[in-house]
Structure formats: structure tokens, C-alpha cells
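User: I would like to learn how to read a few local features of a structure. Please show it first.

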Amino acid sequence: MLGLNKKDTSLLVAVALLVALAPIILNPFPEGSALAQFNAGYPDLMQRFVIFGIFAVGFNILFGLTGYLSFGHAAFLGAGSYAGVWMLKLLTINVIPAILISTVVAGLFSILIGYISLRRSGIYFSILTLAFAQMSFALAASVLTPITGGETGLQTALDDPRILDGANTTGNIPAPSLFGMEMSDSLQVNVAGWLWTFNVGYYLAGVILLIAFYVAIRIFRSPFGLMLRAIKSNQQRLTYTGLNTRPYMLACFVISGMYAGLAGGLMVAMDPLAGAERMQWTASGEVVLMTILGGIGTLIGPVLGAGLIKYFENIFSKINSNLLHEWFAFLPDGLEDFVVAIIYPFIGKGWHLTLGLMFMAVIIFLPGGLVELGQKIARKMSGKSDDKQTKSTE
Amino acid sequence: MSKLDLTRRGVIKSGAVAGAGLALPTIFTASSAAAYVNEPTGSTVTLGFNVPQTGPYADEGADELRAYMLAVEHLNGEGDGGMLNTFSSKALKGNGILGKKVEYVTGDTQTKPDAARASARSMIEKDGAVMITGGSSSGVAVAVQALCQEAGIIFMAGLTHSNDTTGKDKKANGFRHFFNSYMSGAALAPILADRYGKDRKAYHLTADYNWGYTTEEAVRTSTEAMGWETVAAVKTPLAQTDFSSYVAPVLNSGADVLVLNHYGGNMVNSLTSAVQFGLRAAQANGKNFEIVVPLYSRLMAKGAGKNVAGIFGSTNWHWSLENVAGARYAGTNAFVKSFGEKYGFPPSQAAHTTYCQTLLYADACERAGTFNPCGVGQALEGFEFDGLGNGPTLYRAEDHQCFKDVLVVKGNENPTSDFDLLEIVDVTPAAAVTYDASIFGGELGSCNPGA
């Protein structure tokens, strides 16, 4: 189907099902129950899952296929975000131009950075991209304040021109929308205690994730993708055969940058604010973590990694000592305090610590990331040895 | 993917589930029948405390959170009641808000607008918070305020000192109790002119972001009006930790006052640098060289240690205020007492402003008789109150900014304890720091109940 083989088709269908049913799957616990804390099926987090999924899939096209580790991908995410907000401010509150232009702007920006950075490989390439990203961050945070809003960030305002929209009479800043459907509009369905939220913005981002995912599969399977893998395995040999790898690398870098820009555009479409810290090196590092955690060079891995990190950031960081005491209230007093004292460093503000420990565990025991974990389980279940190994990789 | 198994039992089961789903859906979209977003229907009401728990302002965030928990205790009628006893409005009865027990959720802003908004959105969408409060950076406050405006939630700003929060970026759903850069400048300038003379030459080092700009501008404008001259204003990166290269040229620039528009760790480092370069002991233009820090906090003074001795600055509130300046500032001692009993040390100004904000919100709900953001906003607009430690205070309707006396402080020369680091020099009356609401531009817009 769609030029994909059977395995890839089923992978795409599986991802499509996951995206479509996420509001139900991510809310496994009934509303009001003690475990509802761990539900992730609310619009903001689901949007983040798919948007960072797109970001990580794009990053993986560069890192997974060519082995070039870019430490500056956040710069494209940020550039896309700023372009997106400007479209929402100047053109129209409809999100379509914002998403398109942010992808284009990030693409142009990555041509510039890629052209310079790709003259080097390995660690030098990483450092160059890191330098460019930090430079963009510093520029956005101070010198370019008229364009970027500086530290406060760029947001929509009441007196923006929005030349394609009619005059605004509501006295409130319009919310980003798709032909009248606001991104924050949701349909809430309450079934026997479970609350499912079907959000417009989430499904828009979800559809775009599927398109992005499909394109990524096609790139992975194309002769172009094969060439990129050849670069990863031995660039020198390729050069000796008389082949110029630079155009391939640049194309790959730009595609990857456009994915990041697309993610940035979607982010501002869901929440019309772009801040400079979106370009900081920590944001670049985050997408590296997502990719490694999920599985480098696999198709589905980065999406899973993105989901896991965002889950930790949003769910674990919100557990406070008060909640812990509630959960363990059934224990005798002294024991309760003891248990809470043990767990407390790992939740709330300690979520980085938990994530770090998990990251170490994955690197040590599952170098192939979550995808490897899935494969191991699948192999155990089916009892077969390793004919399934390539199921969702490569 | 597995094969599709159709059995009679399976079909009936899934049919029943689907039927139940269609039969009893309570469907409400953003534009449906509920009067406002997250209307509390049970016996509890949830507030969202969004503070930095990690990052450069984590100390302030931790103190804010302590104050929030104390405020919730007092609202629910536990503890000794703190400032509820001194607050001029008597609408709060210690039985929660409007009879509903107050519960709270917490989140980590990481002092990043993005993370702060993510955390606030999850509080609104997942936990059903009816009010968001917190933040200890103006960038975060402005970002979260805009989000709350969009979502139809009240935002009670925490520690944010930039003019923009209630100036250029003010919003109908956002309210600020803390003072701002303009007020700092207006309060400091007369004292500085009095102590240091009217013919000074100032050199500014300014943190390179929004808050730094507005503070520098406020201090420049008000000191220049007194006759001072500004020799140079140099911007320093926010992430800078070593300021020696910025401090070195100061002494030979012809200036005789150094103004450090820095906050938190920045200020601690730049001040230490300046002292190490011998600026305090130096002479310039035949006068003693002086250093000024426009925004002071006790936590910063603690970080800078002995270096702060004798250095002037302004602050929103200090725990010794009632003892020093008298009963006009009633509430201070009550708050310090209950905070001290619970945590073992006096509260910072960040803790004070967030505690007040929580009480003010709860009180506004009681007086309005509803949690509806529009009703609460109306109750807060133009509200005059007393007994929250700052003396008589006005919540101005035009920009949702509180107007109250501003404290001019200096680093204590002989501190008697770890907390006795600032000495109150003077209290500038609210009238002297009041400005026209329109000078910073921006529009409030209209209140948004979200539904």
C-alpha cells in the first residue's frame, strides 16, 4: 500500500491506530481514582507527544541514517516557531500558513548552517552545530529582541494586523484555529467514570505526524536512504569511489531541519508563544536523548522516546510530597514518612534523576533502546529466535 | 497486527460498550453550557501552584511553595490563621473558599516559558485548576499570564518585577501584587540623591533580558531627573557567571556609581566581582565610589554575604518591617510568626507576595460569590485593602497592578543573624511611586471565562 511493503504498511497502520486511539489508551485510569495522576490523555501532553515525535523522527533521519550527531537541532525548532508566530501575527490566525512557512524558514536556515557545518564530520560537526545553535539562542534572547521578543518570548497580541482576517471585535486575542475550529476545542466523552478528551489540535498534529512518518519510511527505503547509510558505514570509501557525498548530506540535513521546523510550527499552532530557550542546547540535547532512548536508526523508536521523556517531564514532575502522603496514608505513621522520604527524591523536582537512571539502564542493558526491548519481548512471546529482529527496525 | 476475531459474545460485548458510550456522554466543548472553565462542582476547589523547582531561581520557588502551602492551611482553617486575622476584608471564614475545601497541585516551571506553560496547561486541562499562580521570572509570568487569558483562568502573578507584566503585556485575567521596576527607580532615586549627592555619574551593568532593560530604564530615568548623569550602560549575558571583564573598565570610565541591574545569582556574582576589584574602597571624581542594586532580596543578600554591607536597593517587603516601621504594616508579624513556626526561618519577599496573592484570590471569590474569572476579576479591580503587611494597598483597575509603599533597604553592616541581612532605610509612600496606567502601552482586553 502506498508504495510500502507489508511490514512497513502494518507499522504505519499501527502508528495510525495508536495516534487515533491515544485519548483512550493514555487514560487507563478512571477519573477521580488515585491512579488518575498517571493519566496522560489530556490535550496538552498528547499534542506534545506527537509534536516531539515529529521532531525526533526528523532528527533520526540525520542521526540514524548518516550517524552525524547534530547538537543544534533546537535552532531549527526555534526558527520554525518564530516564523510560525509571525504568520499568526501578520497573516491570519489560521494555522495552515504558520505551519507551512515555519517548515520553509527552518529549511532555509538549515541550508545555511548545514552548508558550513557539513564541511567537517564526527565530533567537529557536532561542535559546529552546537555553536550555531547557541549563537542563535543568544541572538534570539538579546540582539534580535525586536523580532523574537527576547526573554519574554514572542506572542500574539490584540493589535496584530492579521491582514487576511476580518477586524477583531471580541476584545480578546483570537486563538489559533483551522478554518474556525479552534486548536483548543475538545470533545469530552464521559463513559462510566473514564473521561476521554478528543482535541482538535491533537488530531491535526496527529495527522501531520502520520504524513511525516510516512515520508520518513519512504526516505529510509529509498536509494537516497541507502546512500545515507553508506555514508554512515564508510564515508571515505565512498569518496574514493569518486562520489561526492556533500549534496546527499546537505539534502539530509535540510530535510531533518524541516522536520524540526514543522514541529516548531505545530508547537506555536497549539500554543502561540515562542521563547528563546526553545533554541538552547538543553533542547537540542533532549531530542538526542529521545532518539537514543527510543532506538537510533529505527522508525518508531524516536516517537516512543519522545513520548517517554515528555511523560516523565509532565507527569512525574507534578507529583508532590502531599500526594505521596495521601497514597501511603494506609501505612503506620513512621513507616509512611519513611517510604515517602525514600521515594521523594525521585519525583517532583527530582524527575530528572529518575530519567537519568532510566537512561543509564537503557544504555547499559538495551543499547537498541525501547525498540530492542519490544523485540526481546516479542521474541520471548513468539518463541522464535530472531527472524523478527528486523520487524520494526531498518 | 492480529487477525480480527468475530464471535457472537464479542460483538454483543462491544456493542453494549458502544451503546453505553453513545447513551450517556456528557459532552461539552469549549463553547458549551458550563458557565466558565473548570467550574468546581464537588466539595473541593483546586488551585495550581506553578513555581520554579529547578534552575537558577529554585530557591525562590521553594520559598514560594512553602508560602502557598501555608496559605492553603490557613484558608482551610488549620494552623493559626496567619494574616487572615489582620486582613482588612473579613469575607474569609477559614472554611475553604465559598465553603469548598482548598486543594492544590504543583508544577515545575524550570524558569522557562515553555515548560511553565506546559505545566500550567496540564494543571488546567488535567487537574481542573481554577486559578494558576506563581513564577519567579518576568518572562515566565508574561507567558503564563497570556496562557491563562486564553484558557479563561485567573492568573495571580508571583515574583515578577518587570514593568511589562502589568504594562505592555497586561491581561484582563492577570493580577500582580509585587512591585515593579518603575517603582524601584522612583523609590530609590530620592534616597540616592540624598545620600550620594545630585552630581553623580552612573555606570550600569544590565542583565541582557526584558527585566534588565526595564529596570535600567526606570533607574536611569528617575536618577537623571535628580541630576545624575549616565556614563555608560553595558548589557551582560544572563548566563554569565564571571563578571570581572565587565567590572574592570568601570573604575576608569569616569563614573562614581555602579548600578547592578542584576537579580539572583547574577547579582551575587557581579557584586562579588565589584567588591574584589576594590570598587567600594575606591575614589572617583573626588567622591567615594558607590554601588547600587535596584532589586534586593534576602536570599540574594545571603548569597553575596558580607559584600552587601551598606549597599542600597529596594524590596517589596521584609520580615522586620512591622518592628521597624510600626503598626501601619500590620500583618507582617503575624505572617512571620506562622511561617517561622512551620518552617523554622522567616519568609522571603517571594513567599510574602505569593501568600498574599492566594489570600487575595480567595477573598475575591468570597466577595464575588463565584469562581468565575470575570466575577473574581471585578472583585479584585479597584479593591482597597490593608493588613497584608504592606500597609494600605490598592489593586488598580486599569492595569491590575498593586500600589503600596516601597521599601528602600541597605545591606546590614553588622548582621546579628543569618536572616538579619537587610536594614530598612526608608519606606517610600505609595503616592510617590504611582504612575499613569497608560505610560507602558498594552491593552487589558476583556475578561475571559473560557466557556
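Analyst: Helices (H or I, at least four residues) and strands (E, at least two) are DSSP runs, numbered from the N terminus. This is a predicted model, in which local features need pLDDT of at least 70, side-chain atom pairs count only at pLDDT 80 or more, and totals for chains, interfaces and linings use all residues. Residues are numbered from 1 along each chain as its sequence is written, chains are lettered from A and ligands numbered from 1 in the order in which they are written, and side-chain values use heavy atoms, with hydrogens and water left out.

User: Where is B:Ser348 found?

Analyst: B:Ser348 lies in the loop between helix H11 (332-343) and helix H12 (349-368) of chain B.

User: Is B:Ser348 buried or exposed?

Analyst: Buried means under 20% relative accessible area, exposed over 50%, partly exposed in between (1.4 Å probe, protein chains only). B:Ser348 has 3% relative accessibility, so it counts as buried.

User: Which residues is B:Ser348 in contact with, leaving aside its neighbours within four places in sequence?

Analyst: Contact means heavy atoms within 4.5 Å. On that basis the partners of B:Ser348, with neighbours within four places in sequence left aside, are B:Asp63, B:Arg298, B:Leu299 and B:Trp317.

User: How are two packed helices described?

Analyst: By the angle between their axes and the distance between the axes. Axes are lines fitted to C-alpha atoms, for helices over the stretch in contact, and angles run from 0 to 180 degrees between N-to-C directions. In chain A, the axes of H11(A) and helix H14 (residues 351-365) come within 9 Å and cross at roughly 155°. Angles under 35 degrees count as roughly parallel, over 145 as roughly antiparallel, 65 to 115 as roughly perpendicular and the rest as oblique. H11(A) and H14(A) are therefore roughly antiparallel to each other. The contact joins A:Leu308, A:Ile309, A:Phe312 and A:Glu313 of H11(A) to A:Trp351, A:Thr354, A:Leu355 and A:Met358 of H14(A).
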